[in-house]
Amino acid sequence: MYRLLVVDDEANIRNVVREYAEFEEYEVTEAENGMEAVALCREQDFDLIIMDVMMPRLDGFSACKEIKKRKNIPVIMLSARGEEYDKLFGFELGIDDYVVKPFSPKELMARVKAVLNRHHTAANPVSDQRLQFEGLEIDLAGREVYVDGQRATMTPKEYDLLFYLVKNKGLALSRDKLLEAVWGYDFFGDDRTVDTHIKMLRGSLGGYRKFIVTLRGMGYKFDPDA
């Protein structure tokens, strides 16, 4: 049974999430603020954390940063703020998903399932091939990327997105296809997550951002001849 930690200063939010999570047969532990969440994670192990951003004592972003110093636990953030800046900041901290309030509990459970599947099911075997595109070197097996000989620091989702694009180089990939393949579920209409991660990925690739080509009105493709 998967163990979830639900962190929110609003009791009604925690109650709703608990009800739906227990219906899906998850074990749920609750925390009222970031400080309590950090303390619980020091003492116990969880398979996933659902955490609000705006909380007293210690906000969700700060709590996430502290937790990830010690444990690699996937995190889904909840927030009433849907601005791109907030999402980018969260993804740069290494969160796995960002859900804007008010949210559908059923949608949240779908996201929980997808994140757990990514972290706890066996991944498809990856080729040990090292790919070279000018000064961009990609080690698929080692999950390492080098830009002009310097190792790039990227979030887990940036790696996943880049590797999928590279393995399908030259193919036009819609945002829906990328969501399905990289995130593992239908994103309920909010495909801006793909655009946000593409923006982050391009920043990590420096001058080789040119290889990720925008297909207006559709999506993206990896084109080493661009």
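This is a predicted model: local features need pLDDT of at least 70, side-chain atom pairs count only at pLDDT 80 or more; totals for chains, interfaces and linings use all residues.
**Entry 1, the hairpins.** I began with strand β6, residues 130–133, and found that it pairs with strand β7, residues 136–139, in the antiparallel sense over four bridges. F133 stands opposite L136 of β7, and the two strands form a hairpin with two residues between them, where E134 in the turn has a positive phi of about 55°. I then followed β7 onward to strand β8, residues 144–147, which runs antiparallel to β7 and is joined to it by four bridges. Here I138 has V145 in β8 as its bridge partner, and this hairpin has four residues between its strands, with R143 in the turn showing a positive phi of about 50°.

I looked up K157, which lies in helix α6, residues 156–167. K157 counts as buried because its relative accessibility is 7%, and the cut-off for buried is under 20%. Leaving out residues up to four places away in sequence, I noted that K157 touches R118, V182, W183 and H197.

The largest nonpolar core has 30 residues, of which L136, I138, V145, L162, L165 and F222 touch the most other members. Among the elements that each supply at least two residues of this core are β6, β7, β8 and α6, and the largest share, seven residues, comes from α6. Setting aside neighbours within four places in sequence, I found L162 in contact with I138, V145, M154, L201, L205 and F222. Apart from this core lies another, of 25 residues, including L40, F46, M51 and I73.

Notes: Residues are numbered from 1 along each chain as its sequence is written. Side-chain values use heavy atoms; hydrogens and water are left out. Two strands pair if DSSP finds at least two bridges between them. Buried means under 20% relative accessible area, exposed over 50%, partly exposed in between (1.4 Å probe, protein chains only). Contact means heavy atoms within 4.5 Å. A nonpolar core is a set of buried Ala, Val, Leu, Ile, Met, Phe, Trp, Tyr and Cys residues joined through side-chain atoms within 4.5 Å.
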